[in-house]
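Please keep the sequence and the structure in view while reading.

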Amino acid sequence: MPFALLISGALVYAALYAPQPLLPAIERVLGVPPGAAGLGMAAPMLGLVLGPWLLSARVPPGRALFLGLLGVGGGSLLAGLLPGFWPWVGLRFLVGVSLSAVAVYGFALLPRLFPGPRAVSAFVALNALGGTLGRSAAGVLAEALGVRPALLLLGALPLLLVPFFLKGELPAPPRPARPRPARAMFVGGVLLFANLFLANLLPYRLEAAGVDLAGIGAFYLAYLGGLFGPFLTPGAALALVFAGGALLLSPAAAIGFFLFLAGVFGLHARFGEGFGRRGESPAYVSGYYLGGMLAGLVYPLFLGLPFAVSTLLAAFLVSLGYRYNPSR
């Protein structure tokens, strides 16, 4: 069961992000206007904001993870059938709520199940790997098999781990001695805000520089920085955030974004572990995804400003999160 929890970090995020590159195709299948399918990505984010607060302490962690993986896999399978626009959006919300159990208990329990910080680092790295491969595989499978089969195959992946949580017990998560949910939410929120805030702005900057769509897509392989960043110390991760931010303003922008993301994912691993040990992982996870939602609302306001302003804002917010991290 402990290793199943660790591996779940890859499979649930592959299912979560698989629809992202297929949004225009999903809109054609469902017969909705361009851009409408964006709700199918916003709905699970809202579920991830609300889900941590719906987890009941009276439900044992093993049972909560069983239901969470079942909800992510089952919800993704039903959503992959594309039963209609609003049912699809509702099922995607269910996927987000269910996935929150994996995110919360990953940070809360892995430090207890494995000695040292490496397990949480591997969990966050697998989150990044699963999301990257889920997006990539969705495009390849949809081209070969069609949109629905691609979504069904990737959506079913979390169900492979459900049997591991049918029996056995996991330790109870720690109870917070002096809970400060606002602090945990703020620290988590600034990390995903900075990540997605720049990720949303970069296509406009790259397009203005004459980069074609294929080149813009390849640019986002920078998210593979999330594979090694989680194994860094907090100080090294913060240094990469600033170094990467500086390079983002140079011709080496792709390297800069890779380093920036490595730093952000490194801080996410360390801060998520810290708040998990303190019993505050629900607030941290909720705030993390709330920051991602806010990034989607705020970035259009910065489209007419120099990109340096946005980069400085992102780095400043990350440094504020570092100041209020759980080790202080």
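Glu280 is buried, because its relative accessibility is 5%, where buried means under 20% relative accessible area, exposed means over 50% and partly exposed lies in between (1.4 Å probe, protein chains only). Its side chain meets that of Arg278 in a salt bridge of 2.9 Å, N to O, and Arg278 is partly exposed, with a relative accessible area of 25%. A salt bridge here is a side-chain nitrogen of Lys or Arg within 4 Å of a carboxyl oxygen of Asp or Glu.

The model is a predicted one, in which local features need pLDDT of at least 70 and side-chain atom pairs count only at pLDDT 80 or more, while totals for chains, interfaces and linings use all residues. Residues are numbered from 1 along each chain as its sequence is written, and side-chain values use heavy atoms, with hydrogens and water left out.

**Salt bridges**

How many salt bridges does a search of the whole structure find? The search finds three, and they are set out below.

| Salt bridge | N to O distance |
|---|---|
| Arg278 and Glu280 | 2.9 Å |
| Glu273 and Arg270 | 3.0 Å |
| Glu273 and Arg277 | 3.0 Å |

Side chains of opposite charge can pair when their charged atoms come close. Arg270, Glu273 and Arg277 are linked in a network of salt bridges. Glu273 and Arg270 are separated by about one helical turn, because they stand three residues apart in helix α11, and Glu273 and Arg277, both in helix α11 as well, are four residues apart, which is again about one turn. An α-helix has 3.6 residues a turn, so residues three or four places apart point the same way. Helices are DSSP runs (H or I, at least four residues), numbered from the N terminus.

**The largest pocket**

About 1500 Å³ of space lies in the largest pocket. Of the 38 residues that line this pocket, the closest to its centre are Gln20, Arg135, Ala199, Asn200 and Tyr220. On a 1 Å grid over the protein atoms alone, a pocket is an open set of points with protein on both sides within 12 Å along at least five of seven lines, a cavity is a set of points where a 1.4 Å probe fits but cannot get out, and lining residues have an atom within 4 Å of a point. Grid points are joined across faces, edges and corners, and a volume is the space filled by probe spheres set on the points.

Helix α8 (181–208) is one of the elements that supply at least two residues of the pocket lining, and α8 gives the most to that lining, with eight residues. By class, the pocket lining has 24 nonpolar, 12 polar and two charged residues, where Ala, Val, Leu, Ile, Met, Phe, Trp, Tyr, Cys and Pro count as nonpolar, Asp, Glu, Lys and Arg as charged, and the others, Gly among them, as polar.

**Enclosed cavities**

The count comes to two cavities of 30 Å³ or more. The largest cavity holds about 80 Å³ of space, and its lining residues include Ala15, Trp88, Arg92 and Leu151. Helices α4, α5 (85–113) and α7 (147–155) each supply at least two residues of this lining, which divides into eight nonpolar, three polar and one charged.

The second largest cavity has a volume of about 40 Å³, and among the residues that line it are Tyr13, Phe107, His268 and Tyr288. The largest share of that lining, three residues, comes from α12, and by class the lining has seven nonpolar, two polar and no charged residues.

Helix α4 (residues 61–80) has 20 residues, which at 1.5 Å a residue should span 28 Å, and its end C-alpha atoms are 28 Å apart, in agreement; the expected span is 1.5 Å times one less than the number of residues. Of the 20 residues of α4, 14 are buried.

Val298, in helix α12, counts as partly exposed because its relative accessibility is 24%. Leaving aside residues up to four places away in sequence, Val298 touches Phe193 and Phe197, contact meaning heavy atoms within 4.5 Å. Ser310, found in helix α13 (residues 307–323), is buried, with a relative accessible area of 1%.
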